[in-house]
Amino acid sequence: MKAFFTKKGVLTLSLLTLFSCDKTLEEYNPSGLTADTVYTTPEGFETLVNAAYSYQRWWYGKEEAHNIAEMGTDIWTSASGDTDRGLSQYLNLQGTNTYLATEWRELYAAVNLCNGGLARIDKAGLSATLRPIREGELRFLRAFYYWHIVETWGGVHFTTEETSGVVSTANRTPESTFYELIISDLLAAVDKLPATQPQYGKVTKGAAQAFLARIYLTRGMNQEALTMAQAVIANTAYRLEPNYADLWKMSNLKTREAIYVVDYSSNLALNDLANTTFNPYGHGRGGNNAHLLYIMKYDDRPGMVRDIPNGRPFNRYMPTRFLLDLYSTNDARYEGSFNEVWYANSTTRPAGMALGDTAVYCTRREVPDAYEATRKYQTVDRSKIYNANGTVKDGLRYPSLTKFMDPTRPSLNEAQSARDVFVIRLAEVYLIAAEAQLKLGNTQAAADYVNVLRTRAAKPGRAAAMQVNAAQMSLDFMLDERARELAGEQLRWFDLKRTGKLVDRIKLYSPDNAVNIQSYHTLRPIPQTQLDAVTNKSEFTQNLGYQ
């Protein structure tokens, strides 16, 4: 199913999806096939369910959604290559933002496909064994997509009915209504889904429980969040990786710490890159392209050229000084998340520098000038990256997030990565349990859950130094710990919004982002294309604060 605009600018929806990877027939249909005929067979219904999964790729691993979900927070700010400072720094953020328009279109297309599937499932000819599983998947996915919609834009258009043909009106529905459906759908998914699925990437009972725990926490249902998180933690199918850095190895994509993933194929042709012949509605860059976004500009430094291991540096986003300072010297998650050293790989190098020698050292620390002068390599230290007040001085060089790097790409300029996206990790579930315990007044229990992760994160011999106690437990501590554990994993903006800390923490810790932040920025602007398309403009209006 795909959404597209007619010449009149009115949103039109087509439900007929004949392939598992988002291929669509539009108005010209020489085969005579319709949704009513295709989706009344088990084989045809499978294409609908597979297509419902495929829309996740428009959010997870894509620049548009990294900008929406990670930027404009306390831990990231614009690097020199950032192309959209509206989302990163709230600079003239309005409904004309193209990233928001893209995600709005795809998320609503996904919801409509789920609605259509749920309406048609009883006539699909599914076996008694398979039917509840497919219903559980579609209910999970509808809840999943609606969560992204309601958290991003608030109480906007809502329906559980399949839409076809021309749609010229939209409704304004309270956020509570969205969440009633989200929770209902997820409870049904927990009930209907199996513990395991034969296809990698399909949602399971454990994944539905983990996502429901996140939802309960969002809604302040702390006991329910704790109970659901504890059920996931007790599930022996999942376990924490002993070494944090191992999470990000391309050889370890099927780690048991990953509870729910959006999978990308190692055969890049099977992913979602737009192709005029086979996939005209695909993404312009395709694959998981997060590896491009957080890398500093290294390939113009003495002794360095662009290569596959160091990545293709889009130089979009950089850490705030605050994020870098969150990691203590005992915490291996810093080295497991960031790179500070680039090794000479060019045939042209400074005198005395051999291949493999340090060429660039870009560090969160301050390095004495006298020591720098004795080195053959270039040093970019703390005072070169940031001004004294924490604003960015050099948007080209900074410690670079390496979680999403992919040295298996076939060429140095390849934008697609086959890296799967870990949407929910077991570590997040521990943090959900900890925050729920904190809010229930059980501070020691909260510390106990946090210490499980901090023990894993400790450098050798530093486990005792990494432990925290009940007196340290606070909401701000929880947000700091979530930053240390989950930085870059498309959660931060939602975390700050959920806790009511978005504006305050940006003002405290992200001075470049603080210049334009306003209280109404806890919602994103509705795309202007949607506002222009509806006929009930007096009822369906822009979010408060935006033009």
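Student: Which residues have the most contacts inside the largest nonpolar core?

Tutor: In soluble globular proteins, nonpolar side chains tend to be buried together. A nonpolar core is a set of buried Ala, Val, Leu, Ile, Met, Phe, Trp, Tyr and Cys residues joined through side-chain atoms within 4.5 Å. Buried means under 20% relative accessible area, exposed over 50%, and partly exposed in between (1.4 Å probe, protein chains only). In this predicted model, local features need pLDDT of at least 70 and side-chain atom pairs count only at pLDDT 80 or more, whereas totals for chains, interfaces and linings use all residues. Residues are numbered from 1 along each chain as its sequence is written, and side-chain values use heavy atoms, with hydrogens and water left out. Here the largest core has 115 residues, and Phe140 and Tyr260 have the most contacts inside it.

Student: Which helix gives the largest share of this core?

Tutor: Helices (H or I, at least four residues) and strands (E, at least two) are DSSP runs, numbered from the N terminus. Helix α6, residues 130-153, supplies the largest share, 12 residues. A second, separate core of 38 residues includes Ile75, Phe338, Trp342 and Met353. The protein chain has 21 helices and 12 strands.

Student: What percentage of the protein chain counts as buried?

Tutor: Of its 547 residues, 60% count as buried.

Student: What does the radius of gyration show about the protein chain?

Tutor: The radius is taken over C-alpha atoms, and the globule rule is 2.2 Å times the number of residues to the power 0.38. For 547 residues, a compact globule would have a radius near 24 Å; the protein chain has 24 Å, which agrees.
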